[in-house]
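This report goes through selected local features of the model shown below.

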Amino acid sequence: MSAANLHQMAGRVAELFEERLNVGGKTLSDKLRRGGKRLPRKVRREAAYLAQAEEQARVPKLMVQIDQARTAHAYDACLRYLKPIGAGERRRALAMQVITGIGAAVFVTGVLVLLVLLWRGYI
């Protein structure tokens, strides 16, 4: 694995960070620092390893120390989580969140009304 391949892999993950998580920054390290808390722990760890490997790849003598299999695994894990979902799926998920929120609010309001009626002695 060459330094160019490693930079391409880190660049692709950084693009997905920007698309999926709306995180700004110049490098993968910057984007990970700003939006890393939105990722699951395992994916965050893999993205951090990929960012570290990208930093090491800038120095030719340190390029030898990079574990290629681990880097490929980290890249695959990041892609698997960050791959963009379709627009239709995003709309459906948003609609379900809204419907669930409204349903929960109506349920809680109904329970509170019943409790007040019981407390006042109307039921």
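Asn22 counts as exposed, at 63% relative accessibility; buried means under 20% relative accessible area, exposed over 50%, and partly exposed in between, with a 1.4 Å probe and protein chains only. The model is predicted, so local features need pLDDT of at least 70 and side-chain atom pairs count only at pLDDT 80 or more, while totals for chains, interfaces and linings use all residues. Residues are numbered from 1 along each chain as its sequence is written, and side-chain values use heavy atoms, with hydrogens and water left out.

Asn22 lies in the loop between α1 and α2. Helices (H or I, at least four residues) and strands (E, at least two) are DSSP runs, numbered from the N terminus. The phi of Asn22 is near 55 degrees, a positive value in a residue other than glycine. Most residues other than glycine have a negative phi.

## Packing of α1 on α2

Two packed helices are described by the angle between their axes and the distance between the axes. For α1 and α2, the axes come within 9 Å and cross at roughly 35 degrees. Axes are lines fitted to C-alpha atoms, for helices over the stretch in contact, and angles run from 0 to 180 degrees between N-to-C directions. The crossing of α1 past α2 is left-handed, that is, the near helix is turned anticlockwise from the far one by less than a right angle. On the α1 side, Ala10, Val13, Ala14, Phe17, Glu18 and Leu21 meet Leu28, Lys31, Leu32 and Gly35 of α2; contact means heavy atoms within 4.5 Å.

## Helix α3 and its cover

Helix α3 covers residues 41-57, which is 17 residues. From first C-alpha to last, α3 reaches 24 Å, close to the 24 Å expected at 1.5 Å a residue; the expected span is 1.5 Å times one less than the number of residues. Its buried residues include Val43, Tyr49, Leu50 and Glu54. The cover over the buried residues of α3 includes α1, α2 (28-35) and α4 (68-82).

Not counting residues up to four places away in sequence, Glu54 touches Leu6, His7, Ala10 and Leu28.

His7 is placed in helix α1 and is partly exposed, with a relative accessible area of 29%. Beyond its neighbours within four places in sequence, His7 is in contact with Glu54, Ala57 and Arg58. Ser2 lies in the segment before α1 (3-21) and is partly exposed as well, at 36%. The C-alpha atoms of Ser2 and Gln68 are separated by 9.6 Å, although these residues are 66 apart along the chain.

## Charges over rings

A charge sits over a ring if NZ of Lys or CZ of Arg is within 6 Å of the ring centre and within 35 degrees of the ring normal.

| Charged residue | Ring | Distance from ring centre |
|---|---|---|
| Arg20 | Tyr81 | 5.6 Å |
| Arg70 | Tyr49 | 4.2 Å |
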